[in-house]
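Dear colleague,

I am passing on the structure that we spoke about, and I would be grateful if you could look through it before reading my notes.

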Amino acid sequence: MKMTREEEEIRLSRRRLLRGDLSGARAPRRPPWALGEARFVAACTRCDDCVRACPEAILRRGSGGFPEVDFARAGCTFCGECVRVCRPGALSGQEPDEAWPWRARVSGDCLSQRGVVCRACGDGCEARAIRFRLQTGGRARIELDTTLCNGCGACLSVCPTGAIVLESPPGD
Ligand code: SF4
Ligand code: SF4
Ligand code: SF4
């Protein structure tokens, strides 16, 4: 039997509760300019139009049939195609800086910090948010300017060690 929207929202909330995700911080990454999670789930008809429209193919059908972003292949160019084709208005906006709150952070095993030459994330960052500060022993430390970063995810998709995460700024 098909669930109503309210039942679907309750089901998603329960699932987060069971995962210990009371705040919804680990909620699925929705496409850019998505309404707040509850409003998004209520508005999205799971038509897949945004998934088909994304020229970068970074949107996929996720849990419950709702669209999610997958940065494994590429970053978001903020082209706005997903918004343009979203008839119910579950996605709404234009400015890259307002697409989502996430910003990049180096959290894991960065090659350049071990003295292995790698600049893939910096080369892929159009916003020029990533700089490398040279250190002794051929190592380089990443300096990531979160005021320039717009969370496009391009750096994630090219990092060979998966050292970069996207997360909401503290207090967001
Ligand atoms: S803004 Fe463009 S690249 Fe980004 S998710 Fe939407 S369609 Fe894909
Ligand atoms: S792409 Fe990854 S491993 Fe390479 S410098 Fe950037 S964070 Fe480090
Ligand atoms: S997420 Fe931020 S740091 Fe990474 S490529 Fe995009 S703008 Fe640059």
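Predicted model: local features only at pLDDT ≥ 70, side-chain atom pairs only at ≥ 80, totals over all residues.

Residues are numbered from 1 along each chain as its sequence is written, chains are lettered from A and ligands numbered from 1 in the order in which they are written, and side-chain values use heavy atoms, with hydrogens and water left out.

On confidence, the chain averages a pLDDT of 87, and 83% of the residues score at least 70; pLDDT is the predictor's confidence in each residue, on a scale from 0 to 100. Confidence in the chain is lowest in helix 1 (residues 5-18), where the mean is 48, and highest in helix 3, at 98. Helices (H or I, at least four residues) and strands (E, at least two) are DSSP runs, numbered from the N terminus. Over residues 13-25 the pLDDT is below 50, and this stretch has eleven contacts in the model beyond near neighbours in sequence, a contact being heavy atoms within 4.5 Å.

Turning to the ligands, a residue is taken to be near a molecule if one of its heavy atoms lies within 4 Å of it. Ligand 1 is surrounded by 14 residues, of which the closest are Cys54, Cys76, Cys79, Gly80 and Cys82. Its shell has ten nonpolar, two polar and two charged residues, where Ala, Val, Leu, Ile, Met, Phe, Trp, Tyr, Cys and Pro count as nonpolar, Asp, Glu, Lys and Arg as charged, and the others, Gly among them, as polar. Around ligand 2 the residues include Cys110, Cys118, Cys121 and Cys159, together with Phe132 and Ile142, and by class this shell has ten nonpolar, two polar and no charged residues.

The model has eleven salt bridges, a salt bridge being a side-chain nitrogen of Lys or Arg within 4 Å of a carboxyl oxygen of Asp or Glu. Side chains of opposite charge can pair when their charged atoms come close. In one of these bridges, aspartate 49 is joined to arginine 52, with the closest N and O atoms 2.8 Å apart; the two are three residues apart in helix 3 (residues 49-53), and so are separated by about one helical turn. Aspartate 49 is buried at 15% relative accessibility, whereas arginine 52 is exposed, with a relative accessible area of 60%; buried means under 20% relative accessible area, exposed over 50%, and partly exposed in between (1.4 Å probe, protein chains only). Asp49 and Arg52 are also linked with Arg87 in a network of salt bridges.

Another salt bridge joins arginine 105 to glutamate 167, with the closest N and O atoms 2.4 Å apart. This pair links distant parts of the chain, since arginine 105 lies in strand 3 (residues 103-106) and glutamate 167 in strand 6 (residues 164-167), 62 residues apart. Arginine 105 is partly exposed at 40%, and glutamate 167 is partly exposed at 31%.A further salt bridge, between glutamate 143 and arginine 133, has its closest N and O atoms 2.6 Å apart, with glutamate 143 in strand 5 (residues 140-144) and arginine 133 in strand 4 (residues 130-134). Glutamate 143 has a relative accessible area of 29% and arginine 133 one of 45%. Strand 4 and strand 5 pair in the antiparallel sense over five bridges, where pairing requires that DSSP finds at least two bridges between two strands, and the bridge partner of arginine 133 in strand 5 is arginine 141. These two strands form a hairpin with five residues between them, and glycine 137 in the turn has a positive phi of about 70 degrees.

Finally, most residues other than glycine have a negative phi. Tryptophan 33, in the loop between helix 1 and helix 2 (37-43), has a positive phi near 60 degrees and is buried at 4% relative accessibility. Phenylalanine 78, in the loop between strand 2 (67-69) and helix 4 (81-85), has a positive phi near 55 degrees and is buried at 12% relative accessibility.

With best wishes
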